[in-house]
Each structure stands twice: as structure tokens, then as C-alpha cells.
Amino acid sequence: MKRVASVALATVLIATQFVPGGMKNVFASEDGKEKVVLGDETFSGDLWGDGIWTITPSSWDNTEFKYFTYAEDTWMVPDENCTETGFKFWMGEGGDFYLSQTLESLEAGTYELDSIVMGSGATVKLEISGKTEEGEYSDASKAGTSLEGYNTWQKVNHTFSVEEDLTDVTISFYAEVSAD
């Protein structure tokens, strides 16, 4: 049985304070909080050519990772928060993978990662890691979200606090895909 999922990874970091200069795509939200928008968060660029996203699967065998335009599937009803494109994956024999992006730095503060997902046969979660002056930092949503089926959109959310400024920051979408 094929396992397919679509991710409208409208992922943004919502900071409680200003994110320092030098970080691209910083803008103020309507509620006054600053947002750090990840590069190509709408999945409309060149997945394999622009180097913005990195895909790290447990195996490349019998897999497919690609950007997807929702209009290509006449049966799909996109979530109201979706853009016109998303990230689609298929792992015929199951496994897991990370879809990640790196940032040079992230200022201490409280942040929120959001993703809109749908599909079946997978459990997903959001993770962040980086370096502090004291060592390594890592935080992930505690329990994964099990995908509930085609056209059943779910919001995956992870709020985390960073006590010290981070460098070499990695923001990841993690999926564990069943084989059956």
C-alpha cells in the first residue's frame, strides 16, 4: 500500500522579540510579534536546485519527495491556511525522513512552529536544534501527530523557548512513515 502525505509547511517562527538584522525575510505580524519566515516556506521554488531545504531520509530506495501544486489533484480540498503549493512525499517501504532548513542564528526568546499536514500512514513532528555557548540545544514536539487521511488537514504546532542565542540552527519537519 502506498503511503503519501502532503505538507503545506506554512512554517513560520513567531518570535516574542525582534530577530537581529542579517536574517532574511523578517517582518512584523498583525499582532505585533516578529516572524522569521523560513526560505521557500510555500514550496514553490526549486526543491533540488535552490539548496534551501535539505531532505534526509532513512533510505532513498522506493521514495519520492517533490513540490506539489494542489490544483493538480481535482479531488483535493486544500486547507484554508494552505498556499497553492506544498511538499509531497511517498515512501513505499516506510522509513523516516527529515525536511530541514538552517538559519545562521536565532535570538533567545519564545517561538512557535506551525505546519498544516494531511495524508495517511505517517506520524509527524517539528524539531529545532542549534548551538549555544554552553553546548547543544534541541527541542521537539513531544508526541507526533498521526496523519488521519486524505483531505483531513491537521495543524502541527510546537512552541519552544530558547534561553540563550543559538547559532547553526536547524528547523526540521520529521516524518515516520509506516510500510503497510
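## Rings and cores

Ring pairs link Phe43, Trp48, Trp53, Trp60, Phe65, Tyr67, Phe87, Phe89, Phe97 and Phe173 into a cluster. Rings of Phe, Tyr and Trp (its six-membered ring) pair if their centres lie within 6.5 Å; planes under 30 degrees apart count as stacked, over 60 as edge-to-face and the rest as tilted.

This is a predicted model, in which local features need pLDDT of at least 70 and side-chain atom pairs count only at pLDDT 80 or more, while totals for chains, interfaces and linings use all residues. Residues are numbered from 1 along each chain as its sequence is written, and side-chain values use heavy atoms, with hydrogens and water left out.

The structure holds 15 aromatic pairs. Two of the pairs are set out here.

| Pair | Distance between ring centres | Angle between planes | Class |
|---|---|---|---|
| Phenylalanine 43 and tryptophan 53 | 5.3 Å | 35° | tilted |
| Phenylalanine 68 and tyrosine 70 | 5.9 Å | 80° | edge-to-face |

Phenylalanine 43 and tryptophan 53 both lie in the loop between strand 4 (34-37) and strand 5 (54-57), so the pair ties together parts that are 10 residues apart in sequence. Strands here are DSSP runs (E, at least two residues), numbered from the N terminus. Phenylalanine 43 and tryptophan 53 are buried; buried means under 20% relative accessible area, with a 1.4 Å probe and protein chains only. Phenylalanine 68 counts as buried because its relative accessibility is 6%, and tyrosine 70 counts as buried at 4%.

A nonpolar core is a set of buried Ala, Val, Leu, Ile, Met, Phe, Trp, Tyr and Cys residues joined through side-chain atoms within 4.5 Å. The largest such core has 33 residues, of which Phe87, Phe89, Phe97, Leu99, Ile128, Phe160 and Phe173 touch the most other members. Elements giving two or more residues to this core include strand 6 (63-69), strand 7 (85-91) and strand 14 (166-177). Strand 14 gives the most, with six residues. A second, separate core of seven residues includes Tyr70, Cys82, Ile116 and Met118.

Strand 7 is mostly covered, with six of its seven residues buried. Strand 6 and strand 7 run antiparallel and are joined by seven bridges.

Where is glutamate 176 found? Glutamate 176 is in strand 14. The C-alpha atoms of glutamate 176 and aspartate 96 are 4.3 Å apart, although the two residues are 80 residues apart in sequence.

Key. Buried < 20%, exposed > 50% of the residue type's maximum accessible area, 1.4 Å probe, protein only. Helix = DSSP H or I, 4+ residues; strand = E, 2+ residues; numbered from the N terminus. Pairing = 2+ DSSP bridges.
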